[in-house]
Amino acid sequence: MVFTTFDASKMSMYTYPSDIGDKIEFTDILQRVAYHCRSEMGRKQSLNIVPSSDPKVVKKLLQEVFQLLSILNKGVSVPLTSFENIVEDVKMLSKEGFILDPEAILRIQKILLISLDLRVFFMGDHIAEIEGIKGFAQRFIEGDHLIKAIDRVYDREGLLRPDASPELLKISKNINAKNRELDKAFTTIAASFKQKAMLSDSVESYRNGRRVLSVPAENKRKVRGIIHDESSTGKTAFIEPEQVIDINNQIFDLETEKKKEVYRILRQLCDELRPYIEDIVSDYHQLIEVDVILAKARLAKELDATLPNIVDQPLFAIKEGRHAYLYLKNSNENKKTVPFDLELNKPNKLLLLSGPNAGGKSVTMKAVALIHMMVQSGLLPTVEENSTIGVFDKILCDIGDQQSLDDDLSTYSSRLTNMVRFLEEANDKSLILIDEFGSGTDPKIGGAIAEAILKELNHKRVWGVITTHYSNLKFFAYKTKGIVNGGMLFDKENLGPSYQLKIGRPGSSFAFEIAEKTGLPKRILKYARFKTGKNEKAIDQLLTDLQSEKQVLDEKIQGLSNKEQNLERLTATYNQLQSELEYRRKRLKLDIKEQKVAAANKANQEIDAILKELKATESRESAQKVLKKHKLHKEEQQEEIKELKKEIFYRKDFDESDFEVGNWAKIRESGTTGKILEVRKKKVKLAVGSFTMTVDLVNLEPTATPMTTNRSNHVSTQVKKIQNFSPKIDIRGYTKSDGIAFVQELVEQAMIRNVDMLTILHGKGSGALRNAVHKKLKEYNVEKVWHPQDDFGGEGVTYVRL
């Protein structure tokens, strides 16, 4: 049997350099996770957490943590206590005939007990409203029979039960009886010798597991028995009186029998546990997993972190972002951590961040990296829940002094080496982070090389945050599509950083202001300003002004775009309302015509009765002429209704490719949906419920796959809204519960749209569906419910006036 542990590396994301965790304080976050773990194995696994590049894995990990965080936020404690490593125990148990020592069995017992507690806890009603929480219960086996097997031998305090077997109980009782006998005999003997002043002050003691008398050396030959020991001075002998030797021997024999019986019991217990080794190991590893997940949730609560929106592609739209480790540190010192918003709109993917030293550039850059490392490691980030975080395949960073004596590299050489790696590895799914880009060499040359590298990275459509002080890079970002300037704001009044990020305009270094605040002599600053010249400052200010103007224009363009989209939506809404108005006008015309036909039919029935009487008389020929005239008039009215229905319901323009076998279509007249079985000569065969029907292609429109019903045939409560409303519905072939749900939706939509006449086709059958429909309609206090004449469906159709 092979015993394995969780290996996160199988789904790990590429990161560079190897100590990236130390550079962005991700390692410190993992140590905090380990601190919250309850087991040594959980702590070890926490420190080895690596980020994943699989969006499905990331979402699953985050959802699990969020579920347990929801429990903690309810003030409920998860019953996960500390447990020990049992890998070696189960390895030995897997060997046939091997008997575990009691400590190992008790370690396994604790694993099973904690698993049982968690299984019961996660199935509890008090947390049932947390979506997916019962999935945690399914992680653990139902090991109740194993717990019972161990409970028969050991109690919950880890003590061997005297009744672990009938034989052990018998032996235990005999031992207790002999001990009482021994105690009585020994007490009597000791009292006798003490009365004769033949014992030491201590009277008795224990030697070699035997109860003995403390006898002064001068009296030891006066006490018959076995001398087990003498004091170091030789003045006291420890003698087992001969009167109790036999009792002690019997007790010794009973203890030997007890050890043999305990051995047999433990062997039997191990034989019972051995077939379930895999289940025990599974529970053990699941406990470690839950331990780590719960530790992540505890950290999330500590950080006030939450679950943002996670998307499959690279992206960052961070709102109220904070550096997690800085937040922890500041919280402990009662300091405020200034949050930042960072959202790059298309086509921008690179943020060039500038601003004063100690103004928060590097912290903001690290925070972006740390947020994504945390998210892709299944750790809830320190952002607002309406943030959107994307998943990257690679994260590469160049932060801090990487001078290497071993490789004979200077700081600048090592940074160029990193840039070579970036250019080789980075792609459109990579996140890069570069601190103080271009520094470490001659500013002019360093700035030029940095600009060339930045151009190439932008060409590769890399995502990233880069900090710099170089004006040429700021100007390059201003004029280059895909890169946007950002700056850390500076409080000019208090001459200090505000740690606030502003996207869309570069930041100034404010070197002179900071130097003045530190107390640098004014004559030195004056000379420095003279050497800098006006042009440098003017260019920096011009760039800032241009960037501000560009941002204003971009905002206006975005505003116009939004207005254009709103106008398109309003136009579409107007057209839809106009179409619905025209539909209702034609529908009203049709309803009036149908009512007239119904009234005419009633009159015709009376006329038919009269004509039938006339047929028997001499006016037979005249009666036939009248009858033929009425029949012709009736056919003309029905044809007129048919044409009206075509005008209302039939589509004049449609694409036959929308109606393929296997797709779903809706009958425009009734709203009934069905699955397309066959398309032939402008006719479509539909499967509607348990029967099929043939419909003209012009009377259909394509529709999405309808909602499915659950096993009890109840429709989902989330009934889809009717897009093209029809006051007529056909529920024939549906179950009673499905049909009632459709009727409910029809009535509610009609009320919303001020439609006062409805038609419900339910069929005659046994009348059960009709009665259910009428019962449902009574809930709405409708004005009138009736059936049409037999020619129009009779009791198989219900008319409703709202």
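Author: In this predicted model, the second largest cavity is lined by Leu-112, Ser-115, Leu-116, Arg-119, Ile-141, Gly-143, Asp-144, Ile-147 and Asp-283. Two helices, α6 (102-122) and α8 (144-151), each contribute at least two residues to that lining, and α6 provides the largest share, with 4 residues. Sorted by class, the lining of the second largest cavity consists of 4 nonpolar, 2 polar and 3 charged residues. The volume of the second largest cavity is about 30 Å³, and the count of cavities of 30 Å³ or more comes to 2.

The other of these spaces is the largest cavity, with a volume of about 90 Å³. Its lining is made up of 13 residues, and those that lie nearest the centre of the largest cavity are Tyr-412, Arg-415, Met-419, Phe-437 and Gly-438. Here the helices that each supply at least two lining residues are α14 (411-425) and α15 (443-459), and the lining of the largest cavity divides into 7 nonpolar, 3 polar and 3 charged residues.

Arg-152 forms a salt bridge with Glu-272, and the closest N and O atoms of the pair are 3.0 Å apart. Since Arg-152 lies in the loop between α8 and α9 (166-195), while Glu-272 belongs to helix α10 (residues 242-273), the pair ties together parts that are 120 residues apart in sequence. Arg-152 is partly exposed, with a relative accessible area of 43%, and Glu-272 is likewise partly exposed, at 31%.

Glu-64 counts as buried because its relative accessibility is 9%, below the 20% under which a residue is called buried. Lys-60 and Glu-64 are also linked with Arg-139 in a network of salt bridges.

A further pair joins a strand to a loop. Glu-230 and Lys-220 form a salt bridge in which the closest N and O atoms are 3.2 Å apart. Glu-230 sits in strand β4 (residues 225-230) and Lys-220 in the loop between β3 (210-216) and β4, so this pair ties together parts that are 10 residues apart in sequence. Glu-230 counts as partly exposed at 36% relative accessibility, and Lys-220 is partly exposed as well, with a relative accessible area of 23%.

Elsewhere, strand β7 (residues 316-321) contains Ala-317, a buried residue with a relative accessible area of 8%. Leaving aside residues up to four places away in sequence, Ala-317 touches Leu-342, Glu-343, Ser-387 and Thr-388. The C-alpha atoms of Ala-317 and Leu-344 are separated by 6.7 Å, although the two residues are 27 residues apart along the chain.

Some backbone details also deserve a look. Tyr-16 and Pro-17 are joined by a cis peptide bond with omega of about -5°, and Pro-17 is found in the loop between β1 (14-16) and α1 (20-23). Glu-25, in the loop between α1 and α2 (26-35), has a phi near 70°, a positive value in a residue other than glycine, and is buried, with a relative accessible area of 17%. Asn-334 has a positive phi as well, about 60°, although this residue is not a glycine. Asn-334 lies in the loop between α12 (324-332) and β8 (340-343), and counts as exposed at 74% relative accessibility.

These parts belong to a chain with 21 helices and 24 strands. Buried residues make up 43% of its 802 residues, and the accessible surface of the chain comes to about 44500 Å², of which 50% belongs to carbon and sulfur atoms. Among contacts between residues at least 6 apart in sequence, 69% join residues at least 24 apart.

Technical notes: Residues numbered from 1 in each chain as written. Predicted model: local features only at pLDDT ≥ 70, side-chain atom pairs only at ≥ 80, totals over all residues. Heavy atoms only, no water. Buried < 20%, exposed > 50% of the residue type's maximum accessible area, 1.4 Å probe, protein only. Contact = heavy atoms within 4.5 Å. Areas by Shrake-Rupley, 256 points an atom, 1.4 Å probe, with all protein chains shown as cover. 1 Å grid on protein atoms, 1.4 Å probe; cavity = no way out; pocket = protein on both sides within 12 Å on 5 of 7 lines; lining within 4 Å. Points joined across faces, edges and corners; volume = space filled by probe spheres on them. Nonpolar A, V, L, I, M, F, W, Y, C, P; charged D, E, K, R; others polar. Salt bridge = Lys/Arg side-chain N within 4 Å of Asp/Glu carboxyl O.
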